[in-house]
Amino acid sequence: MTTAQHSEKTISLRSARRASLAGGVGTLIEYYDFSVYGFLTLTIGPLFFPSDNPTVSTLSALAVFASSYLIRPLGGWFFSRLGDRRGRRTALVATIVMMGAACGVMGLLPTYGQIGVAGTIAIIVVRLAQGFAAGGEIGGAATYIAELAPPGKRGFYGSTVSMGSTLGFAVAAGVVGLVRLLVPADQMATWGWRIPFLLSLVLTVVCLQARLRVEESPQFQELKEKAAIVRSPMLAALRSHPLSVARVAGLAIAFNGTGYFGVAYFAIFLQEEGFSATGVAWTSALCIALATFTYPWAGKLTDRYDRKPILLASYIIFAVIAWPVFALLIAATNLWAVGAVYLVFMFFTGWAQVPTWPLATELFPASVRYSGIAIGYNLGVIIGGITPLVAAALVAGTGSRTSPVYWILAVTLIGVITVARLPKTASKPLPA
């Protein structure tokens, strides 16, 4: 019996469920912390990046949103090294603590109007700290869940990673919408914007308790028992599995380059189209949340039919619906119509996102799995993560509100090229 088969045989369903829950909830909290900034961009922009031109303030705030992705590879290196050398559980506890602390600090920052340019520098530093922590989160959660999932069900159990990250955006949108509803409009820019950030401290404590109760991955325990821990796992992944790293990067570009339209850019786009900030926040929260409940079904599809056909279908569908989606959002006169279009778009993000995580874990052996995923994903997410900035810049530069469609076509083409020659992996044991 191989090491991988032995590991999978010893995994109990209870352990798999606890791992799936802890990974998914943790990812939800991390992405809540990370995305609150995006839903408050139009409020935060003038406070920290004042300008006579509102578009300049918005683009500056979005640039800081995008800059946090530049440091993610460094965070991925740090936390994946910790995860491949000290344990998956240790790394996942560390990421949630750092992200929660950074988000809490964000809610306490003095603005440009209070301390001048120091306020602008401070928000950039804190945002970079969030990016550093995020670099180690989702790849670690995917690794941990896959290593405890029953054979043939890595897609289903791993769907909680995508559910958590996407629901994090929905919860952020919902909280921002509730705050806008309860806080007088003239007070939102004074102190109301701080509430969603400070709430993360409570959420972090809840998630930390869940992660401290889970066991270590059996595959990692076996590596430790056999003294097979790799000294420099990221270098080993780059040297021995460069194609796999490149594939994970391509997958990250494709699903982030499409998904960030739904979870981040549409909210900004719709407000600039004249819809109320509160209405947009609630519509975003509802559509994102409803779509995520279909993600386990996408996980089952990818377990049954393999990762490749589901991914290819998602990329082709996004390429086909991109222009109609923007045209319908521009033509929409009420939030019911917006919600219908939004929900369809978010539904297919599950097809692009859910198969990505089990597939990524299946491309690397246990000794470098966390690191291989982290470096590939965090390099790719730099391109995908600048989607809101690129989309806003395209509209500002061309004057065409449908111009972001070209970005969707570009990233889906990268996705098709990435998966075109992939072998079947769903039915095989996780590499040892």
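A surface patch here is built from residues with over 30% relative accessible area and no salt bridge; like charges are joined within 9 Å, and nonpolar side chains (Val, Leu, Ile, Met, Phe, Trp, Tyr) within 5 Å. By that rule Y112, V117, I121 and V125 form a nonpolar patch on the surface. This is a predicted model: local features need pLDDT of at least 70, side-chain atom pairs count only at pLDDT 80 or more, and totals for chains, interfaces and linings use all residues. Residues are numbered from 1 along each chain as its sequence is written, and side-chain values use heavy atoms, with hydrogens and water left out.

**Annotated span**
- UniProt, in an unreviewed entry, lists residues 19-427 as "domain: Major facilitator superfamily (MFS) profile". Its positions follow the numbering used here, feature names are shortened, and annotations may be inferred rather than shown by experiment.
- Residues 19-427 are 83% helix and 0% strand, and their end C-alpha atoms lie 21 Å apart. Helices (H or I, at least four residues) and strands (E, at least two) are DSSP runs, numbered from the N terminus.

**Nonpolar patch**
- Together, Y112, V117, I121 and V125 have about 370 Å² of accessible area, by the Shrake-Rupley method with a 1.4 Å probe; for residues, only the protein chains shown count as cover.
- Helix α8 (residues 117-148) gives the most to the patch, with three residues. Y112 is found in helix α7 (residues 112-115).

**Cavities**
- Four cavities of 30 Å³ or more are counted. On a 1 Å grid over the protein atoms alone, a cavity is a set of points where a 1.4 Å probe fits but cannot get out; lining residues have an atom within 4 Å of a point. Grid points are joined across faces, edges and corners, and a volume is the space filled by probe spheres set on the points.
- The largest cavity has a volume of about 160 Å³. It is lined by 15 residues, and T166, F169, F255, N256 and Q353 are the closest to its centre.
- Elements giving two or more residues to this lining are α9 (154-182), α14 (242-272) and α18 (335-353). The largest share, five residues, comes from α14.
- By class, the lining of the largest cavity has nine nonpolar, six polar and no charged residues. Ala, Val, Leu, Ile, Met, Phe, Trp, Tyr, Cys and Pro count as nonpolar, Asp, Glu, Lys and Arg as charged, and the others, Gly among them, as polar.
- The second largest cavity has a volume of about 40 Å³. A22, G23, R89, L92, Y144, R211 and V214 line it.

**Largest pocket**
- The largest pocket has a volume of about 220 Å³. A pocket is an open set with protein on both sides within 12 Å along at least five of seven lines.
- Among its 13 lining residues, L42, P54, T55, T58 and E272 are the closest to the centre. α4 gives the most to this lining, with five residues.

**Salt bridges**
- There are eight salt bridges, each a side-chain nitrogen of Lys or Arg within 4 Å of a carboxyl oxygen of Asp or Glu.
- E137 forms a salt bridge with R211, the closest N and O atoms being 2.7 Å apart. E137 lies in helix α8 and R211 in helix α11 (residues 194-212), so the pair ties together parts that are 74 residues apart in sequence.
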